[in-house]
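I opened the model to go through its helices, aromatic rings and surface. My entries follow in the order in which I looked things up.

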Amino acid sequence: MKTILNVIWLVLSGFWLFLAYLVAGVLLCVTIIGIPFGIAAFRIGVYALWPFGYTAVERRDAGAPSCIGNVLWLILAGWWLAIGHIVTGIALCVTIIGIPLGVANFKLIPVSLLPLGREIVRTDQPFTSTGSTQRTGW
């Protein structure tokens, strides 16, 4: 089911959202200071390209630099990308078939607003972030 939703998503909105994140990432990578923001845009762009089966979790090791970075991201690119998700989500929710896709768009809004300090993981492994503790073998 995830594959079918991802293919429909790719055709209806995923490709265009991916292009928006790609443009934002390239513009942010123009300066050396913007490279971490550009990398975050590329990472979230791939998530926006194929969102079903993945989720965003907060990293426990993210500290004050990611908070400051999120404020800068919000000013530079976050608002515009979030508006894109809102418009696309509302357009997809017009039809019954598009409702799950619209909900996925709304799920991407917090990630598009504050991407730093988050990690994209598979939904069947939501606690495998780099900041979590790992169990040792029995």
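Predicted model: local features only at pLDDT ≥ 70, side-chain atom pairs only at ≥ 80, totals over all residues.

Residues are numbered from 1 along each chain as its sequence is written, and side-chain values use heavy atoms, with hydrogens and water left out.

**Elements.** I looked up the secondary structure and got 4 helices and 2 strands, in the order α-α-β-α-α-β from the N terminus. Helices (H or I, at least four residues) and strands (E, at least two) are DSSP runs, numbered from the N terminus.

**Helix spans.** I compared end-to-end C-alpha distances with the expected span, which is 1.5 Å times one less than the number of residues. Helix 1, with 27 residues, would span 39 Å if straight, but spans only 32 Å. Helix 2, with 15 residues, should span 21 Å, and its ends are 21 Å apart, which agrees.

**Buried sides.** I took buried as under 20% relative accessible area, exposed as over 50%, and partly exposed as in between (1.4 Å probe, protein chains only). In helix 1 the buried residues include Leu5, Trp9, Leu17 and Tyr21. They pack against helix 2, helix 3 and helix 4, with contact meaning heavy atoms within 4.5 Å. In helix 2 the buried residues include Phe37, Ile44 and Tyr47; their cover includes helix 1, strand 1, helix 3, helix 4 and strand 2.

**Aromatic pairs.** I found 2. Rings of Phe, Tyr and Trp (its six-membered ring) pair if their centres lie within 6.5 Å; planes under 30 degrees apart are stacked, over 60 edge-to-face, and the rest tilted. Trp9 and Phe52 have ring centres 6.1 Å apart and planes at 85°, so I logged the pair as edge-to-face. Trp9 is in helix 1 and Phe52 in the loop between helix 2 and strand 1, so the pair ties together parts 43 residues apart in sequence. Both residues are buried. Phe15 and Trp16 also pair edge-to-face, at 5.3 Å centre to centre and 75° between planes. Phe15 is partly exposed at 37% relative accessible area, and Trp16 is exposed at 57%.

**Whole chain.** Of the 138 residues, 38% are buried.
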